[in-house]
Amino acid sequence: MRDLVTLDEVIDAIRTLAVRGAPAIGVGAAIGLVVALEHASEGRGGRARELLARYAERLVAARPTAVNLAWAVNRLLVVAGGAPDEALLGALRADAEAIRAEDVAMCDAIGRFGLEIIPDGARVLTHCNAGALATAGIGTALAPVHVAHQEGRRVQVYADETRPLRQGARLTAWELQRAGIPVTVLPDGAAASLLRSGAVDLVIVGADRITANGDVANKVGTYGVALAARAHGIPLYVAAPWSTIDVATPTGADIEIEHRHADELGELPAGARVWNPAFDVTPRELISGYLTDRGFVTPPFSDVTGV
Ligand code: MRU
């Protein structure tokens, strides 16, 4: 648990992945922005408005790939535009709280719609952590797993370790164990042979950004899992709330991929060069279905949203 009060503390928590996972980044940024403004302005709406644009810009730059961050911050900017100074902080706080509550509801809806793909006895492979620790609710990719388990269906999960920061081993395994759901951790490099072995019925992953044409940015390694799943005839589903769909970005080639520090790869020979993208893009052709809080949807998403 961490108490975050200043903007620097909120940005540091997002950059260092203390708050991570696309929906949680959006919720954390929204609430963090309000708390930081309240603190810095000492509750004075006029002063908060002076700080708002610069704070928003710095927050959005904290991590570029998860669209939920910009989505949440932009939503607060729109609210601010419609509120007089004396009501500004109250209006922002109410909307940040609404973003959190909506995220909880979207996760529940993803879980309920996702029951369709989790029959009794299902064996699911997932990558990274797109569970409760990545959202304000029960997660996205793991939401159907949690709901199926609550409904008494037997379900077991294979969790890719997820190099280099090991979200699968550290977070997904922890979360599922606590929920009493059988979980097996595997090194990322073993996923292709696990898929070939016949031990997996379906793959479910989360998303950091889904573009208008249906391409998906998610934790690096997802693309490789998708290729292997397709090669072995196993369906791969992407689960995400509506806030992760970015109709303003046409294709995956237009997504800014975050690159992280070489230190994350551990000790290396002095002078070794490192390529450490945090995310990769899986093209829509490799995705069997898009599970959202509005049910299963089909790209292009500009048609679905009417944008
Ligand atoms: O770098 P991270 O841990 O923030 O990456 C997280 C992922 O890639 C998740 O799969 C994605 O954000 C969806 S979380 C519901």
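**Domain arrangement and local geometry of the chain**

In the predicted model, the centres of domain 1 and domain 2, taken over C-alpha atoms, are separated by 26 Å. Domain 1 comprises residues 7-108 and domain 2 comprises residues 109-297. The two domains touch through 22 residues of domain 1 and 36 residues of domain 2.

The secondary structure of the chain consists of 10 helices and 11 strands. Along the principal axes, the C-alpha atoms occupy a box of roughly 60 × 50 × 40 Å. The radius of gyration of the chain is 19 Å, which agrees with the value near 19 Å that a compact globule of 307 residues would have. Of these 307 residues, 51% are buried. Among contacts between residues at least 6 apart in sequence, 78% link residues at least 24 apart.

The accessible surface of the chain amounts to about 13300 Å², and carbon and sulfur atoms account for 52% of this area. The charged side chains number 28 positive and 36 negative, with the centres of the two sets 3 Å apart.

Val73 belongs to helix 4, which spans residues 67-81. The relative accessibility of Val73 is 0%, and Val73 therefore counts as buried. With neighbours within four places in sequence left aside, the contacts of Val73 are Ala29, Leu33, Ala56, Leu59 and Val60. Between Val73 and Gln150, which are 77 residues apart in sequence, the C-alpha to C-alpha distance is 34 Å.

Tyr158 is situated in strand 2, formed by residues 155-160. The relative accessible area of Tyr158 is 14%; the cut-off for a buried residue is under 20%, so Tyr158 is classed as buried. Beyond neighbours within four places in sequence, Tyr158 contacts Val124, Leu125 and Thr126, together with Thr184, Leu186, Leu194, Ala199 and Val200. Tyr158 and Ala48 are 110 residues apart along the chain, and their C-alpha atoms are 47 Å apart.

Backbone geometry was then considered. Most residues other than glycine have a negative phi, and most peptide bonds are trans. Two residues with positive phi and two cis peptide bonds are described here.

The loop between strand 2 and helix 7 contains Thr162 and also Pro164, with helix 7 covering residues 167-179. Thr162 is not a glycine, yet its phi is positive, at about 75 degrees. Thr162 is buried, because its relative accessibility is 0%. In this region the peptide bond between Arg163 and Pro164 is cis, with omega at about 0 degrees.

The other residue with positive phi is Leu17, for which the angle is near 70 degrees. Leu17 lies in the loop that connects helix 1 (7-15) with helix 2 (22-41). At a relative accessibility of 14%, Leu17 falls under the 20% cut-off and so counts as buried.

The other cis peptide bond joins Pro299 and Pro300, where omega is about 5 degrees. Pro300 is placed in the loop between strand 11 (295-297) and helix 10 (301-305).

Terms used: Residues are numbered from 1 along each chain as its sequence is written. This is a predicted model: local features need pLDDT of at least 70, side-chain atom pairs count only at pLDDT 80 or more; totals for chains, interfaces and linings use all residues. Side-chain values use heavy atoms; hydrogens and water are left out. Helices (H or I, at least four residues) and strands (E, at least two) are DSSP runs, numbered from the N terminus. The radius of gyration is taken over C-alpha atoms; the globule rule is 2.2 Å times the number of residues to the power 0.38. Buried means under 20% relative accessible area, exposed over 50%, partly exposed in between (1.4 Å probe, protein chains only). Contact means heavy atoms within 4.5 Å. Accessible areas come from the Shrake-Rupley method with a 1.4 Å probe; for residues, only the protein chains shown count as cover. Lys and Arg count as positive and Asp and Glu as negative; His and the chain ends are not counted. The place of a charge is taken as NZ of Lys, CZ of Arg, CG of Asp or CD of Glu. Domain bounds come from an automatic or database domain assignment.
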